[in-house]
Structure formats: structure tokens, C-alpha cells
Amino acid sequence: MIRLNDITSNILSYHPTADIGLIEKAYVYSAKVHREQVRLSGEPYLSHPLEVAGILTNMKADEVSVAAGLLHDTVEDTLAELSDIEYLFGKEVATIVDGVTKISKIKFLSKEEQQAENIRKMILAMATDIRVLLVKLADRLHNMQTLGFQQPEKQELITRETLDIYAPLAGRMGIYWLKSTLEDLSLFYLEPKIYEDIRQGIAQRQEAREKFIREIKEILSKRLQEANIDATIKGRYKHFFSIYRKMMGQDLNIDQVYDILAFRTIVSSVKECYEVLGIIHSMWKPVPGRFKDYISLPKANMYQSLHTAVITSLGERMEIQIRTWEMDRIAEEGIAAHWRYKEGYESDKEVPDQYAWMRQLLEWQKSLTDPREFLETVRLDLFSSEVYVFTPKGEVKALPRGATSVDFAYSIHSEVGNRCVGAKVNERIVPLNYKLKSGDIVQIITSKNHKPSKDWLNFAKTSTARTRIRQWIKKEERTESVAIGRDILEKELKKFNLNLFRQFKTEQLLDVVHKFSLKTVDDLLAGIGYGKISAKQVLNKLIPHLEIKEDTSKGFVQKIVHRIRRRKGDIGIKVKGMSDMLIRFASCCHPLAGEPVIGFITRGRGVTIHARGCRYIRDADPDRLVEVEWEHSEDMSYLARLKVTNISKKGMLADISSIFAQNDINIVDADVQTTIDKKGISTFTIEVSDYNQLRDTISKIKSLKEVLKVERI
């Protein structure tokens with residue numbers, strides 16, 4: 001276990017004026033509140049905050065971050081209050097601790113919703129103080145290093161989140177050693193066999209590889225000295241996860257992966273970087289398409305370097321990075337490289353200009369309420385491997401690999417994206433789903449009358465484009481629903497010779513709006529259009545003295561609908577992607593709980609539920625079909641009608657009734673007739689709990705010897 005002295009020595013090595021007293025005070029407080037706690041490993045819990053603080057010093061974090069690292073679990077896992085932390089350690093430390101603390105005391109409907117809200121909170125906090133993310137990354141690294149003590153299910157859950165969210169965040173912060181470590185640990189838990197294969201494959205060839213590294217360093221050093229270039233050359237194995245990606249991407253085993261070595265050449269100036277590149281390409285054959293110039297086109301986190309891959313005279317493939325000492329420092333330290341610890345200098349802990357991606361995440365967390373959509377957007381934004389394209393005026397746009405013309409259009413402006421009809425790439429007209437390549441010069445063709453299409457979501461890659469398209473679709477659907485709602489309400493009012501906006505004051509309308517817990521008249525009209533609110537409900541509140549009654553006819557479907565609606569919050573059917581929808585059951589097919597069903601959006605009347613095999617929806621507009629599923633309920637019942645045809649025989653009605661009784665089914669109505677040819681035809685209206693119960697009952701009735709046919713009608 002790391003000691004406090006190690007932590008203070010580390011921080012003083014790069015920040016000589018650090019307030020060590022703050023760190024010592026945080027250590028004492030953390031030791032006090034965690035004193036009776038132990039980790040799953042059996043170690044004292046204090047070992048975890050100490051290791052987190054140690055990792056933060058490896059990131060070259062300041063004393064406030066290190067103190068927060070020592071205190072990061074106190075509010076969540078002990079009786080300590082945030083107000084205590086602020087009183088004892090100051091507002092900065094308290095803000096970071098609060099930002100790292102999970103939202104563990106709130107109950108969520110799903111793990112996905114909880115994960116989304118935890119990430120939302122972290123994004124909000126790190127937008128105010130970037131050090132929140134540093135502490136969270138250090139916490140996650142130590143948790144991954146000690147993950148073996150968790151249950152397998154928990155291991156997979158934490159590892160997936162690490163690979164999806166935290167490793168990419170470390171990369172976005174420019175802390176590449178941390179990103180690689182998190183990825184390698186994730187591989188160890190997700191693919192232990194492949195991890196071991198890679199480890200053994202490297203170990204078997206280690207001696208030969210190390211000899212090769214020494215030889216390459218000697219050859220390159222000699223050649224650069226001849227060119228009067230003073231350079232430091234480092235050789236290393238690629239990280240396991242990077243090798244794994246290559247194996248998966250090219251369907252290789254470890255013995256078939258040859259370029260597992262990487263070299264780094266560090267020089268004094270940008271001019272020397274390009275000179276070294278020329279020398280390397282003159283010595284060894286460059287691999288086509290593998291050269292990347294991140295010096296003239298830096299990454300979003302300000303990472304700069306030249307990357308190339310070459311093949312030696314012996315056929316060995318290797319990757320080489322070329323950079324200056326300043327570039328190397330930024331690549332190693334990430335965001336901490338932008339902080340300076342000098343006397344009298346207050347470093348800015350807010351989001352620097354180069355971390356524009358963080359402001360984008362902040363925007364997404366405000367506008368995206370659906371947990372799945374939010375998590376998808378965050379993952380898309382964090383995982384993007386970039387291509388660089390140009391506007392006709394020469395402006396560079398960095399887009400994720402696989403981005404299309406539509407993504408480029410939305411990167412310029414949302415209006416350009418909404419109105420784009422096509423694109424010219426390198427003076428050649430291409431479709432909107434054309435995948436852009438680095439170096440493409442892109443010009444967007446627009447039309448004032450053009451609108452986004454739902455189909456664009458099938459190929460739009462960037463979170464910006466996907467979010468803007470979804471927003472447009474929702475806006476269009478709302479506009480249409482407002483118009484439909486107005487039309488429905490005005491038709492109802494006409495029956496009483498009334499006009500909505502002529503005979504009712506704004507105050508009256510707003511009063512009705514507020515009774516439905518809505519904000520505007522358009523919200524009310526949209527609710528009617530969507531089918532969430534009926535026009536008669538509105539009229540009863542608008543002109544209560546008329547006492548307008550809903551249709552209370554008790555047909556079979558109406559009985560089902562009324563029974564379900566009376567149970568607020570447990571309506572039996574869940575519509576995917578929508579909430580609080582008015583649900584009706586189709587009278588043509590009478591679907592039952594558990595039966596495969598599909599929803600059909602009926603304008604002004606909500607969603608009508610049909611059995612999937614219903615003939616009326618076979619030719620329906622596919623855009624109006626929605627996926628639905630049954631919600632589990634113990635005490636719901638549904639009406640069904642059965643027609644039983646049998647050979648007329650004494651006691652048949654008693655036999656059939658006995659099967660109903662055995663299956664706990666109530667007979668609501670029965671009609672029994674005997675035909676001239678001595679056949680009995682019985683029609684039963686019964687109450688069943690679900691489709692499976694009905695199917696089982698039909699099967700048992702069919703098993704009776706005298707029964708000829710059983711039909712559901």
C-alpha cells in the first residue's frame with residue numbers, strides 16, 4: 001500500500017509550492033471516517049483513497065485534486081456530510097468530492113437509467129471543474145486494478161462501463177498511459193483467454209524482439225547523428241488491447257500479428273520532426289496509407305505527433321512516432337500539461353478551449369432525456385476515430401471515421417444539415433450516405449424546401465447529426481399533432497355551436513391547460529393529437545355545465561379498454577419509445593395479454609393494439625406501426641369469445657364448463673344451440689388472464705373426444 005510520504009514526495013517533485021498541509025489533513029480525516037471499513041480484498045478501506053491519491057500524483061495533479069482523491073468516498077460511504085467537507089477543506093475540494101459521488105440514494109427504473117444519471121452528474125461537475133474527471137479516472141483505475149475480488153457479473157458490468165466511457169474519456173483528456181492501462185485491464189476481464197494468448201505470444205518472442213529493438217535504435221541513432229539531429233529513441237511493445245483490436249479487425253491470431261513493436265523519436269523542433277520523417281522513409285519502405293500528420297492537424301485534445309509505419313529490409317513491420325519534447329510532455333500528461341505550478345500563478349481548472357468535446361457532452365446531457373439515447377450519444381462522441389476533411393474555403397473539419405456527407409452538413413450548421421439534398425466531394429456529386437475520407441474537399445448542396453428524413457438515422461454517424469435529425473422529426477410530429485388536436489377539438493365544439501378561439505378567453509384555455517398539468521395551449525392540442533387526452537375530457541373542463549359524457553357502451557373492446565384505463569400506471573401495454581399514450585385494443589382481432597402484438601398509431605386516438613397476424617395491419621403504413629409489449633400484471637383480466645362445435649351429446653356443456661373451472665376461468669356469457677344435423681354449437685364469453693391461459697384452455701377443450709372444432713371469434 002502506498003504511504004502518505006510517497007504521495008507528498010511525488011507532488012513536491014513537480015509542484016514545489018504545493019500545500020502539503022491540506023493533503024495531510026485530508027489523510028487524517030479520511031483515515032478517521034473509514035477506520036472500521038474494509039475492502040472486499042480484506043485490506044483496510046483507507047488503502048483505496050491512498051492509491052487514488054497516488055495515481056493522481058502520477059497524473060501531476062495539484063494538491064486540491066489529491067486531497068479530493070483522499071476524500072472522494074467519504075460522503076458516499078460514511079456518515080460524513082458534504083457541508084463538513086466544505087467547512088474543513090474548502091469549496092474547491094467539496095465541489096470535486098460532490099462531482100465524483102455517485103447518485104446512489106436515488107431509486108431508478110433500470111441500471112441503464114442509473115448509469116446515465118451518474119454520467120450526467122459527472123459531466124455537469126467536470127464542466128465546472130475538470131479535476132472532477134481526473135479524480136474519477138484515478139478512482140476507476142484502482143477499482144479496475146482490484147476488480148478480481150468482485151463477483152463475475154459485477155466484474156463484467158464495471159469493465160463494460162470502463163471500456164465504453166472511462167477509457168475513451170482518458171484518451172480525450174490526452175492521458176494515453178491511463179487509457180491504455182484501462183483498456184488492457186478491461187481485456188483481461190472480458191477476454192481472459194485472448195489476453196493470456198497475447199501475453200504468452202509476446203513472452204515467447206521477447207528475447208528476439210528486445211534484440212531487434214536495440215538494433216533499430218542503434219541504426220536510427222547513428223543515421224540521425226550523421227544528419228546532426230540530437231534525438232532520443234524509445235522502443236516498446238504495443239499495448240495488449242491495441243494488439244487485440246488488430247487481431248479482431250483482421251481475423252488474425254497472435255502468431256500472425258507482426259507489427260507489435262512501436263518506436264518513438266523525440267527531437268527539439270518541429271522542423272526536425274519532418275527531417276526525421278524523411279530520413280526514416282529513405283531508410284525503410286513506408287506502408288501506404290499509414291502516415292498521419294497530427295502536427296499540422298492536432299487532435300481535439302491538442303495531441304501532436306507524426307505517425308508512420310515502415311517495413312525493414314528483413315520484412316519486419318514497425319510503427320514510429322516522431323514528436324518534440326513539448327509534444328511528448330502533452331501526450332504523456334494530458335490536461336495536466338496545460339497547468340503551471342509557479343509562485344503567484346493561479347491555474348485555470350475550467351474547461352480549456354481545446355476541450356470543446358466536453359462542452360458538446362454538456363449540451364447533450366441537457367437536451368437528451370432518454371437514458372439509452374444519451375448513453376449512445378456519449379459513446380459515439382467518445383469513440384470517434386477521426387478523419388479530416390475540408391470545406392471549399394480550406395477550413396478543416398474533424399469527423400469520426402465512417403462519417404457521411406450528412407454529418408459534414410450538420411457540422412457546419414444545423415440549418416445546412418436540415419436542408420441538404422446532396423454533396424460534392426472533390427468536385428464529384430455523391431449521395432448523402434457517402435463515407436468521407438481524410439483529405440476530401442466537401443461542398444454541401446441545399447434546398448430551402450428540403451427536410452430531414454428518418455432514413456438519415458441509418459447512416460448518420462456523429463452524435464450532432466443524429467440528435468439534430470431526431471429533434472427535427474419530433475418537432476414535425478408535434479406540429480402535426482397540434483394541427484390534428486385543434487381539428488378534433490374544434491369538431492367537438494361545433495356540435496355545441498362553439499368556436500375555440502372566438503368564444504373562449506386565453507385565461508379560460510390556460511386554466512384548462514394547467515388542470516392537465518401542461519404549460520401551453522399547444523401542449524394541450526398536441527396531447528389530443530397524440531391521443532393522450534380525449535376531446536371530451538377537455539370539453540368537460542372547458543364547459544363543465546354541459547356535462548359531456550364519454551361513450552360508456554360496454555362492447556367487448558370497450559370493456560377491456562375501460563378496465564385497463566382504470567388502473568393508472570398499469571395499463572397492460574408498453575409502447576417502446578413513447579410514454580403516456582392512450583391505448584385502445586382493436587375490435588377486429590381482440591389481442592390478449594402474452595399474444596404477439598403490434599401497435600398502430602391512429603391519428604387523434606392514440607395507439608391501437610392489434611394481434612401481429614391481424615389482416616387489417618398487413619398492408620398498413622409501416623411508418624405508423626410501433627413496437628409494443630405486454631406489461632406484467634397479476635390481477636388483470638381480458639374478455640375473449642370462443643365458439644365450440646361438437647357432436648351433440650348429453651353432458652357436453654358440463655364437460656366444457658368443468659375445463660373452464662379447472663383453468664380458473666369465469667364464464668361471463670354462454671349461448672348453446674343444437675343444429676338439425678345433431679351438432680352442438682356453443683358460444684362462450686370468458687374472462688382470461690392472458691393469451692397462454694386461453695391457448696391452454698382451447699387445447700384442453702379440443703382434447704375432448706366429441707369436440708370437432710374450437711374457434712376464437
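Beyond residues up to four places away in sequence, Ser 405 touches Ala 423, Val 430, Pro 431, Leu 432, Tyr 434, Leu 436 and Ile 444, a contact being heavy atoms within 4.5 Å. The structure is a predicted model, in which local features need pLDDT of at least 70 and side-chain atom pairs count only at pLDDT 80 or more, while totals for chains, interfaces and linings use all residues. Residues are numbered from 1 along each chain as its sequence is written, and side-chain values use heavy atoms, with hydrogens and water left out.

Ser 405 belongs to helix 19 (residues 405–412); helices (H or I, at least four residues) and strands (E, at least two) are DSSP runs numbered from the N terminus. With a relative accessible area of 0%, Ser 405 is buried (buried means under 20% relative accessible area, exposed over 50%, and partly exposed in between, with a 1.4 Å probe and protein chains only). A polar atom of the Ser 405 side chain lies 3.3 Å from the backbone oxygen of Pro 431.

The mean pLDDT of the protein chain is 79, and 80% of its residues reach 70 or more; pLDDT is the predictor's confidence in each residue, from 0 to 100. Over residues 342–354 the pLDDT is below 50, and this stretch has 23 contacts in the model beyond near neighbours in sequence. Residues 545–571 also have pLDDT under 50, with 53 contacts beyond four places in sequence. Where pLDDT is low, the predicted coordinates should not be read in detail.

The largest nonpolar core has 56 residues, and those with the most contacts inside it are Leu 56, Met 59, Ile 85, Val 93 and Leu 137. A nonpolar core is a set of buried Ala, Val, Leu, Ile, Met, Phe, Trp, Tyr and Cys residues joined through side-chain atoms within 4.5 Å. Helix 9 (residues 131–145) supplies the largest share of this core, eight residues. Apart from this core lies another, of 38 residues, among them Ile 213, Met 247, Phe 263 and Ile 320. In soluble globular proteins, nonpolar side chains tend to be buried together. Not counting residues up to four places away in sequence, Val 93 is in contact with Leu 22, Val 64, Ala 67, Ala 68, Leu 71 and Ile 85.

A search of the whole structure finds eight aromatic pairs. Rings of Phe, Tyr and Trp (its six-membered ring) pair if their centres lie within 6.5 Å; planes under 30 degrees apart count as stacked, over 60 as edge-to-face and the rest as tilted. The pair of Tyr 29 and Phe 89 is edge-to-face because the ring centres are 5.6 Å apart and the planes stand at 75°. This pair links distant parts of the chain, with Tyr 29 in helix 2 (residues 20–33) and Phe 89 in helix 6 (residues 82–89), 60 residues apart. Both Tyr 29 and Phe 89 are buried. An edge-to-face pair is also formed by Tyr 294 and Tyr 303, at 6.0 Å centre to centre and 65° between the planes. One aromatic cluster is made up of Phe 188, Tyr 189, Tyr 195 and Phe 240. Lys 25 lies over the face of Phe 89, 5.5 Å from the ring centre; a charge sits over a ring if NZ of Lys or CZ of Arg is within 6 Å of the ring centre and within 35 degrees of the ring normal.

Tyr 303 is located in the loop between strand 4 (292–293) and strand 5 (306–311). The side chain of Tyr 303 makes polar contacts with the side chains of His 307 (2.7 Å) and Arg 323 (2.8 Å). A polar contact is a pair of N or O atoms within 3.5 Å; within protein, one must be able to donate a hydrogen and the other to accept it, and residues adjacent in sequence count only if both atoms are side-chain atoms. Among the residues that Tyr 303 touches, not counting those up to four places away in sequence, are Tyr 176, Pro 298, Gln 321 and Ala 331.

Asn 228 lies in the loop between helix 13 (206–226) and strand 1 (232–237) and is exposed at 70% relative accessibility. Glu 427 lies in the loop between strand 9 (420–425) and strand 10 (428–430) and is exposed, with a relative accessible area of 67%.
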